[in-house]
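Here is a friendly walk through one protein model, written for someone who likes to know which cut-offs lie behind each term. Please keep the sequence and the 3D view at hand while you read.

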Amino acid sequence: MDIETEITGEAKEPPRIHRLDESVVNRIAAGEVIQRPVSAVKELVENSLDASSTSISVLVKDGGLKLIQVSDDGHGIRHEDLPILCERHTTSKLSKYEDLQSIKSMGFRGEALASMTYVGHVTVTTITKGQLHGYRVSYRDGVMEHEPRACAAVKGTQIMVENLFYNMIARRKTLQNSADDYTKIVDLLSRFAIHHIDVSFSCRKHGAARADVHSVATASRLDAIRSVYGLLVARNLIKIEASDNDPSSSVFKMDGFISNANYVAKKTTMVLFINDRLVECTALKRALEVVYAATLPKASKPFVYMSIILPPEHVDVNVHPTKREVSLLNQEVIIEKIQSVVESMLRDSNKTRTFQEQTVEPSTSVPSISNNDLDLNPSSSGNGSKSQKVPVHKMVRIDSSDPAGRLHAYLNTKPRNHLEINSSLTAVRSSVRQRRNLKETADLSSIQQLLNDIESKTHSGLLDIVQHCTYVGMADDVFALLQHNTHLYLANVVNLSKELMYQQVIRRFGHFNAIQLSEPAPLQELIMLALKEEDLDLDCNENDDLKRKIAEMNMQLLKQKTEMLEEYFGISIDPDGNLLRLPILLDQYTPDMDRVPEFALCMGNDVDWEEEKSCLQSLAAALGNFYAMHPPLLPNPSGEGLEFYKKRKHEKNSQDAGNSSSDRGDDEIKIEDEFEQELLSEAETAWAQREWSIQHVLFSSMKLFLKPPTSMAVNGTFVKELWQLNIKGSSLHKLLHFEIQFSGILRM
């Protein structure tokens with residue numbers, strides 16, 4: 001220090017401490033609270049929920065950087081509160097620190113709106129009950145830019161945040177990929193939608209006609225999950241509950257849903273609410289992932305929804321600027337008990353899991369060919385001349401015009417004499433082509449817009465694959481094996497058929513032939529049946545009255561819409577509420593009538609009847625899902641699925657009389673070697689009919705009509721190139737080895 005002093009001539013003085021300018025303080029705080037656009041959406045949606053809203057709508061432009069608009073139908077904001085609305089630490093949720101001990105609202109700091117005004121341009125439009133008009137006011141840096149102006153408004157509040165992070169250049173540059181941020185916003189709204197089932201949520205991009213999240217208020221949590229995350233997720237969930245009321249260890253109550261052994265996903269989806277607050281808990285998530293990895297094969301990634309209720313004084317909500325995390329009293333004990341319950345449920349679920357063996361049933365239209373009939377020697381030829389080298393791009397594994405070249409020909413199975421299926425592929429193709437140039441209905445601008453949407457979203461690469469592929473066979477119950485040029489693909493026939501049927505509904509709008517039901521089907525009973533099937537607790541009859549009311553309301557709604565349904569979609573309903581006719585979407589194809597109850601419920605619950613385009617689109621989607629080629633409800637009798645059809649006999653337990661019935665059951669179930677032939681025959685017929693329809697109807701129609709959307713390139717509908725094809729030296733052994741290899745990949 002002395003040497004440095006001598007060189008510089010004087011000692012360095014300590015830097016002065018000074019008070020930061022208030023604008024700098026506020027902008028720093030704003031950057032902590034509003035970290036990215038999804039943070040702003042979360043704060044605004046939580047404010048809407050605190051305002052007792054029953055409908056919340058979110059509109060986003062450029063991932064939220066240009067515009068975030070959140071509209072609700074809550075109680076609104078009083079005119080006299082508008083001047084201080086966006087000042088820091090102004091709130092209606094608490095008045096003193098002790099109030100945090102019993103806080104039940106989602107907001108309480110009074111920083112969210114203030115933070116948005118420091119990093120964006122905020123405009124608020126609101127009206128309260130009893131007012132003749134609403135008020136609109138803009139804010140910047142926490143203060144009003146002008147006095148509130150009277151304006152027309154609908155019930156509730158609308159908050160617009162424009163040009164987010166306009167004054168934070170570094171933050172804005174790191175958020176240029178708007179697609180990522182919009183995906184996070186959609187995920188956030190999806191999570192709110194499955195928890196707050198009494199609130200309707202919607203989220204869409206600015207300029208888009210279709211909402212990416214659209215949920216309606218419902219009485220069933222499973223319905224909400226189905227509408228947001230899809231049927232495949234909802235179908236593979238187990239209801240779970242846990243609780244403890246011991247003040248010395250932990251006091252909590254948990255209920256929710258977890259995925260079972262049949263659910264497959266690449267990443268964990270954990271939706272956690274604690275005291276109705278959406279939060280993250282890394283310790284709980286890791287604990288559940290450990291249970292799944294140890295209990296289920298292939299370390300399946302789970303879907304978990306949990307709602308945990310604790311006494312408010314046991315939760316510290318003030319540990320994170322964005323309220324993303326909370327601190328719990330006795331957190332380790334609570335996690336351990338939840339982990340134990342989940343493990344127990346999964347072990348019980350895993351006992352009934354079945355693994356399907358890879359088998360491909362031959363089409364009844366194709367005669368079986370024995371191994372002796374096949375010439376497997378590549379050097380042998382009819383004239384003994386040397387074979388010419390075939391260019392790689394012209395190599396094919398099979399000949400689409402030669403049935404003997406298909407995968408079915410290499411498998412010998414017992415003949416199915418009880419199946420009488422018209423397998424004339426020529427007749428089917430001819431019938432399909434007759435409808436190829438069907439006059440499209442463009443009388444309604446909404447239909448023309450939907451047709452334009454289909455065209456604009458078509459993926460050119462997938463279109464080429466779809467139009468020029470060759471069907472090889474079914475790889476499992478959902479995926480078909482296709483060949484395009486020298487590449488092989490797995491294609492999800494459920495997704496493909498669903499999209500094809502949806503597009504057919506739009507194209508044939510108003511021009512449908514009809515399927516006449518053999519007997520009128522009462523809509524109320526169908527909807528009631530669907531509601532009961534969705535209730536996982538089969539022994540619970542407490543909600544039967546509610547189900548009847550829902551069924552009756554939906555039936556009355558559909559009766560009011562019968563004229564439109566019949567004219568535009570070919571769905572006929574009589575004045576008594578009976579379903580009489582359904583439309584024909586593809587020739588020589590009839591949908592699975594076991595799914596009629598689900599379709600009837602979907603028409604009542606999932607269709608937006610208020611707005612024309614949304615109504616037509618959601619009805620077309622409901623028809624597409626109903627007509628899609630889902631696996632039959634009866635298990636596949638191939639492989640281990642055959643065990644389901646073995647006869648079961650109840651026998652009295654004839655152990656010593658000294659043993660009480662409390663130690664062992666009075667009856668035991670004995671599984672015999674005989675089969676329920678009638679049920680087995682029905683299942684074989686259903687599965688064979690489905691495969692025939694996939695091969696001869698779906699793929700023929702798909703080549704003519706389907707315009708695959710871009711989403712199919714990334715959502716797993718097509719699994720690209722698992723094996724580079726080379727026909728040289730191919731043999732039956734290689735074909736069958738490839739089939740076994742494929743089945744192994746599918747189960748990974």
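Three strands come together in an open sheet with the order 20-22-21, and their pairing is antiparallel. Strand 20 (514-522) and strand 21 (572-573) are the edge strands, each with a single partner strand, so one side of each has no neighbour in the sheet. Strands here (E, at least two residues) and helices (H or I, at least four residues) are DSSP runs, numbered from the N terminus. Two strands count as paired if DSSP finds at least two bridges between them.

Strand 21 is joined to strand 22 (residues 578-583) by two bridges, and the two run antiparallel. If you zoom in on I573, you will find L579 as its bridge partner in strand 22.

## About the model

This is a predicted model, in which local features need pLDDT of at least 70 and side-chain atom pairs count only at pLDDT 80 or more, while totals for chains, interfaces and linings use all residues. Residues are numbered from 1 along each chain as its sequence is written, and side-chain values use heavy atoms, with hydrogens and water left out.

## Strand 1 and its two partners

Strand 1 (residues 55-61) runs parallel to strand 8 (residues 200-205), joined to it by six bridges. Strand 1 also pairs with strand 2 (residues 67-72), this time in the antiparallel sense and over six bridges.

Strands 1 and 2 form a hairpin with five residues between them, and D62 in the turn has a positive phi of about 50°. As background, strands of a sheet pair through backbone hydrogen bonds, either parallel or antiparallel.

## From a hairpin to a helix

Strand 10 (residues 237-246) and strand 11 (residues 250-259) are antiparallel partners over ten bridges, and the hairpin that joins them passes through three residues. Within this pair, D244 has F252 as its bridge partner in strand 11.

D244 also forms a salt bridge with K337, with the closest N and O atoms 2.2 Å apart. D244 lies in strand 10 and K337 in helix 10 (residues 331-350), so this pair ties together parts that are 93 residues apart in sequence. A salt bridge is a side-chain nitrogen of Lys or Arg within 4 Å of a carboxyl oxygen of Asp or Glu. D244 is buried at 16% relative accessible area, whereas K337 is partly exposed at 29%. Buried means under 20% relative accessible area, exposed over 50%, and partly exposed in between (1.4 Å probe, protein chains only).

## Salt bridges within helices

How many salt bridges does a search of the whole structure find? The total is 15. One of them links E46 and K42, whose closest N and O atoms are 2.8 Å apart. Both residues lie in helix 3 (residues 37-50), four residues apart, about one turn of the helix. E46 is buried with a relative accessible area of 1%, and K42 is buried as well, at 11%.

R226 and D223 form another salt bridge, again with closest N and O atoms 2.8 Å apart. The two lie three residues apart in helix 7 (residues 221-229), about one turn of the helix, and both R226 and D223 are buried. In general, an α-helix has 3.6 residues a turn, so residues three or four places apart point the same way. Elsewhere, R78, E80 and D81 are linked in a network of salt bridges.

Is helix 4 (residues 112-119) mostly covered or mostly exposed? Helix 4 is mostly covered, with eight of its eight residues buried; among them are L113, M116 and Y118.

D276, although not a glycine, has a positive phi of about 65°; D276 sits in the loop between strand 12 (269-274) and strand 13 (277-279) and is partly exposed at 36% relative accessibility. N485 is not a glycine either, yet has a positive phi of about 55°. The loop between strand 18 (479-484) and strand 19 (487-492) holds N485, which is partly exposed with a relative accessible area of 44%.
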